[in-house]
Each structure stands twice: as C-alpha cells, then as structure tokens.
Amino acid sequence: MQVYRMAVGPMETNCYIIADEKTNEGAVIDPGADGSLILDKIETLGLELQYILLTHTHYDHIGAVAELKRVTGAKIAVSEEDAAGLTDGRWNLSAFGGKPVEAAEADVLLNDGDELTLGGQTIRVLTTPGHTKGGVCFLCGDELFSGDTLFARSVGRSDFPGGSMDALVQSIKTKLMPLDDNVHVYPGHGPSTTIGQERAGNPYIG
Ligand SMILES: [Zn+2]
C-alpha cells in the first residue's frame, strides 16, 4: 500500500491518498480542501479512485468531498453517526465561520469492524468516538489513519458538540493501543508517528 500525504486548506488538514500498487485502485482519506490539487495528484498517480473515506465530518476534513465525488464517482464512506455532517453546516461547524461546505450524500455507512476492499488490500474500520460521536480510524495492514483521534504526542479536541475526553481516551486505549508497536499512524493534522512511540510518549494515554 502506497501512502501520499497532502496538507490542505487553512487548517492544514492531512489528506491522504492511498493506493494498491498492483491494481492502481486508490482511495482518498479526508479531502478537506484543495479539490483540484487532490485530483491532479490522483491523475498523476494514474489511480482509479474507489473510495472517499472520512474519519469524521468536521468541515476541514470534508471540504472537497462533493468535488471529488462529482469528478471521480468514488463512493463516499462515513460512519452512520457522522453522516449528518455531510449536509449540515452546524454539524460540520462550517456554519460557525468556516467556508460553506458543498453538501454530499454518503454511499456507504460504516460500523465498527467493517472491512472495505481496495485492490488486494483490506481496510478495516475502527470506531473511535470522542473527538466526534461517530469518529473512526482506518487500518490497512500496518498503516493507521487516525483522523483527529490520535496525533503525535497529543489527541484531538473534545470540546465540540458530541465530543468527550473520556470517550476519546477510552477509544485510544481500547481500539488503538492493542495494535502493534510498528503500526504507522497518520493523523488528521501534524506529523506521522507510530503506535509504539505513542504508547511510550503520549501524555494522554498513560
Ligand atoms: Zn475534527
């Protein structure tokens, strides 16, 4: 599995493009803004986009979803509990000062343990409530896309509607810490890390 990172929009949200080299099937995780740059990259890589995967639906993670859907026809996959953010500006927080988000409809509603296939690869859904009620992480082999749940040496905010610090820490402890030390972690903001580094040095996990 190839992983490409692009920091997009004013919040510098990490948008990841993942690709199965054998089939050139690809997926985009959290296309928060800069749709044309993301589409250029997909074209340069020669990928056939299968999925638009959303760790959650805050505006800075979904700003380019509708554009990518229109151009590529890829399926939008989001947790059932966060799907409302695709159409509701109060839910996705854009109504409170962000740029309005073009509405999109979910194609696949995700639940804990669901598996999606990308070429020869399997992407597993781990529900990790706390930053939002329906926040999820995506695990593909040894690559974990952690959205705003787990950051390098930090965790996501829990003070937005539906957020809970207790739930967030519980999610990390019960869903992410059981993973192997060598699993790469690709967060929604900031640098990548590993489960081992976070187990050893993240002050929120302890
Ligand atoms: Zn967020």
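A nonpolar core is a set of buried Ala, Val, Leu, Ile, Met, Phe, Trp, Tyr and Cys residues joined through C-beta atoms within 7 Å. In this predicted model, the largest such core has 52 residues. Among its members, V28, I29, I52 and F138 touch the most others. The chain folds into 5 helices and 14 strands.

**Overall dimensions**

- Buried residues make up 46% of the chain.
- Of the contacts between residues at least 6 apart in sequence, 58% join residues at least 24 apart.

- Not counting residues up to four places away in sequence, I52 touches V28, P31, V65, L68, K69, A74, K75, I76 and A77.
- V65, L68 and K69 from that list are also buried residues of helix α3.

**Helix α3**

- Helix α3 covers residues 65-72, and V65, L68, K69 and T72 are buried in it.
- These four cover an arc of only 100 degrees around the axis, so they sit on the same side of α3.
- The cover over the buried residues of α3 includes β3 (25-29), α1 (35-45), β4 (48-53), α2 (59-62) and β5 (75-79).
- G73 follows α3 and has a positive phi, near 75 degrees.

**Helix α4**

- Helix α4 runs over residues 165-176, which makes 12 residues.
- From first C-alpha to last, α4 reaches 15 Å, close to the 16 Å expected at 1.5 Å a residue.
- L168, S171, I172, K175 and L176 are buried in α4.
- Seen down the axis, the buried residues of α4 fall within an arc of 105 degrees, so they line one face of the helix.
- D166 and T174 are exposed, on the face of α4 turned away from its buried side.
- The packing partners of the buried residues of α4 are β8, β9, β11 (150-151), β12 (154-155) and α5 (195-201).

**The six-stranded sheet**

- An open sheet of 6 strands runs in the order β7-β8-β9-β10-β13-β14, with mixed pairing.
- β7 and β14 (193-194) stand at the edges with a single partner strand each, so one side of each has no neighbour in the sheet.
- β8 and β9 (residues 136-140) run antiparallel and are joined by 4 bridges.
- L126 has C137 in β9 as its bridge partner.
- Both β8 and β9 also pack against the buried residues of α4.

**Loop residue G120**

- G120 lies in the loop between β7 (115-118) and β8 (121-127).
- With 11 other C-beta atoms within 10 Å, G120 is exposed, because the cut-off for that class is 12 or fewer.
- G120 touches D20, K22 and T23, leaving aside residues up to four places away in sequence.
- The C-alpha atoms of G120 and L144 are separated by 17 Å, and the two residues are 24 residues apart along the chain.

Notes. Residues numbered from 1 in each chain as written. Predicted model: local features only at pLDDT ≥ 70, side-chain atom pairs only at ≥ 80, totals over all residues. Helix = DSSP H or I, 4+ residues; strand = E, 2+ residues; numbered from the N terminus. Buried ≥ 20, exposed ≤ 12 C-beta atoms within 10 Å, placed from the backbone. Contact = placed C-beta atoms within 7 Å. Pairing = 2+ DSSP bridges. Expected span 1.5 Å × (residues − 1). Arc of directions from axis to C-beta.
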